[in-house]
Amino acid sequence: MTDRLNDAVLNRLPEGVARPRYDRSAVTPGIVHLGVGAFHRGHQAVFVDDCLNRGETGWGIVAASLRSATTRDALAPQDNLYTYCERDGQGETLRVVGSILDVLVAPENPAALLAALADPRVKIVTLTVTEKGYLADLSTERLMTDHPDIAHDLAHAHAPRTIYGYLTEAIRQRQAAGAVPLTLLSCDNLPSNGRILHRALADFAARRDPALADYIRDAIRCPCVMVDRIVPATTDADRDGVAAGLGVADAWPVVAEPYFRWVIEDDFAGPRPALERSGAEFVADVEPFEHMKLRMLNGAHTAIAAIGQSTGLATVDAVYAVPEVRDFIDLYWRQVGPTLRPEVDGAAYVVGLRQRFANPSLKHKAEQIASDASQKVPQRILAPLRELRAAGQPHTAPMLALALWLRSCAATNEKGQGIAIHDPAFHDWDAPDQDTLPPEEVVRRFLGFSRVFGSGPDQTFAADLTAAYTDIRTQGVLACLRRMTKEG
């Protein structure tokens with residue numbers, strides 16, 4: 001197959017493949033996206049494509065990678081088109097998305113990204129930079145001012161590395177030019193993501209220009225956002241399958257489940273696209289939805305990933321197919337459910353999660369979900385665990401989930417295979433050798449990992465975690481799950 005997806009071949013695609021119904025040359029940028037990965041292309045960019053199809057042509061996306069050129073190099077020869085492949089376990093649908101107008105690579109040309117952010121036509125900046133991209137201490141919601149990239153950006157305003165360096169300089173330029181204040185939409189899995197972004201951005205700006213920091217506090221809006229859709233990393237098998245359906249090659253398609261949810265705090269500094277017409281929800285308070293998603297989906301996902309990493313099961317559906325795992329996750333949901341706000345229906349959400357986790361066509365890898373886990377565990381598992389303990393409610397399942405994460409950080413799994421750990425914060429810490437140290441010493445070392453545990457839990461917490469981790473080490477993962485669910 002020699003032809004490649006681009007504007008010229010759109011009219012030659014098979015009849016069943018959806019494609020842009022608008023003139024892409026007439027679309028102008030209204031959104032800059034930071035962190036152009038699979039999730040953005042399987043979620044926000046699809047919503048914006050809907051808006052463009054409805055005639056809202058002022059909301060094209062200029063996307064930027066803050067690190068590598070991989071996505072740019074894949075999409076540029078395709079006129080920045082890509083295929084959105086939706087799979088439900090029974091079949092798939094293909095749709096070519098045209099909402100991304102350009103992909104920039106920030107390290108190659110910082111000035112180009114600053115110019116895009118300062119463009120007065122741009123009203124919104126969306127972000128999917130993962131938890132680590134915020135360079136914030138999640139226990140205090142404050143900027144990590146001692147991080148070397150923060151120091152660099154304060155000294156090099158026109159060649160930044162971080163979201164704060166780029167946003168602060170762009171906002172300064174926009175303010176000087178009289179441009180509309182930006183709305184910044186964090187679409188990452190952080191609790192109170194908008195509030196954390198706003199506070200950290202103002203803190204960064206204050207170290208450069210106190211007056212600019214005041215402007216950011218007063219004029220720049222950072223709504224809290226909850227996003228919910230499972231988008232696995234694209235594989236070569238995905239590329240081959242999409243190419244067969246298109247009749248042309250696509251170097252970087254994206255695969256996702258049909259389910260989606262996008263809940264946005266209705267607090268914008270200027271105009272916005274009519275995302276609600278595609279199912280986005282604008283609400284006064286995102287926190288109930290955020291808690292439900294972080295604790296029920298993401299918390300269970302983190303536990304499933306830890307089980308997969310520890311047992312050698314590679315994908316979510318493979319892990320979830322094990323009866324002991326399904327029973328344990330059900331117990332986890334029952335115990336964490338009482339921490340949810342009354343505005344949401346956790347039981348109904350769980351019904352959908354069971355179907356989503358069992359979807360065999362996504363092949364969502366445990367290793368992918370486990371990446372950067374040290375920055376995910378505090379809000380996904382530790383937060384509800386601490387609330388349950390304080391309320392005197394049952395919490396054996398989230399405590400075991402925490403112990404499972406410890407076990408998944410070992411050098412090898414239960415089959416003797418190496419465990420790949422993609423977590424820079426973890427590698428920067430002196431992790432204990434789980435193969436040689438006794439369980440109580442492993443737990444003691446982990447509890448000293450302040451990035452996760454803060455100042456350190458109390459003795460009862462330490463004793464309970466040690467007991468759970470010891471059981472995993474002595475009995476094995478699945479045996480522990482089986483026993484817990486029977487005792488339930």
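Analyst: Go ahead; note that this is a predicted model.

User: Which ring does the charged end of Arg41 sit over?

Analyst: A charge counts as over a ring if CZ of Arg is within 6 Å of the ring centre and within 35 degrees of the ring normal. The charged end of Arg41 lies 4.8 Å from the centre of the ring in question. That ring belongs to Tyr82.

User: How far is the charged end of Arg272 from the centre of the ring of Phe268?

Analyst: Arg272 also has its charged end over a ring, that of Phe268. The distance to the ring centre is 5.9 Å.

User: How many aromatic pairs does a search of the whole structure find, and what kind is the one between Phe47 and Phe260?

Analyst: The search of the whole structure gives twelve aromatic pairs. In the pair of Phe47 and Phe260, the centres are 5.2 Å apart and the planes stand at 90°. Planes over 60 degrees apart count as edge-to-face, so this pair is edge-to-face.

User: Which parts does the pair of Phe47 and Phe260 tie together?

Analyst: Phe47 belongs to helix 2 (residues 44-53). Phe260 is in a loop, so the pair ties together parts that are 213 residues apart in sequence. Those parts are helix 2 and the loop between strand 11 (254-256) and strand 12 (261-265).

User: Which residues form one aromatic cluster?

Analyst: The cluster includes two Trp residues, Trp405 and Trp429. Phe residues complete the group.

User: What is the strand order in the open sheet?

Analyst: The sheet has five strands, and their pairing is parallel. Its edge strands, each pairing on one side only, are strand 5 (100-105) and strand 9 (183-186). The twist averages 20° from one strand to the next. The order is 5-2-1-6-9.

User: Which residue in strand 2 stands opposite Pro29?

Analyst: Strand 1 (residues 29-34) pairs with strand 2 (residues 60-65) in the parallel sense, over five bridges. Opposite Pro29 stands Gly60.

User: At what angle to strand 1 does helix 4 run?

Analyst: Helix 4 (residues 110-118) lies across strand 1, strand 2, strand 5 and strand 6 (124-127). Relative to strand 1, helix 4 runs at about 135°.

Notes. Residues are numbered from 1 along each chain as its sequence is written. This is a predicted model: local features need pLDDT of at least 70, side-chain atom pairs count only at pLDDT 80 or more; totals for chains, interfaces and linings use all residues. Side-chain values use heavy atoms; hydrogens and water are left out. Two strands pair if DSSP finds at least two bridges between them. Helices (H or I, at least four residues) and strands (E, at least two) are DSSP runs, numbered from the N terminus. Axes are lines fitted to C-alpha atoms, for helices over the stretch in contact, and angles run from 0 to 180 degrees between N-to-C directions. Contact means heavy atoms within 4.5 Å. Rings of Phe, Tyr and Trp (its six-membered ring) pair if their centres lie within 6.5 Å; planes under 30 degrees apart count as stacked, over 60 as edge-to-face and the rest as tilted.
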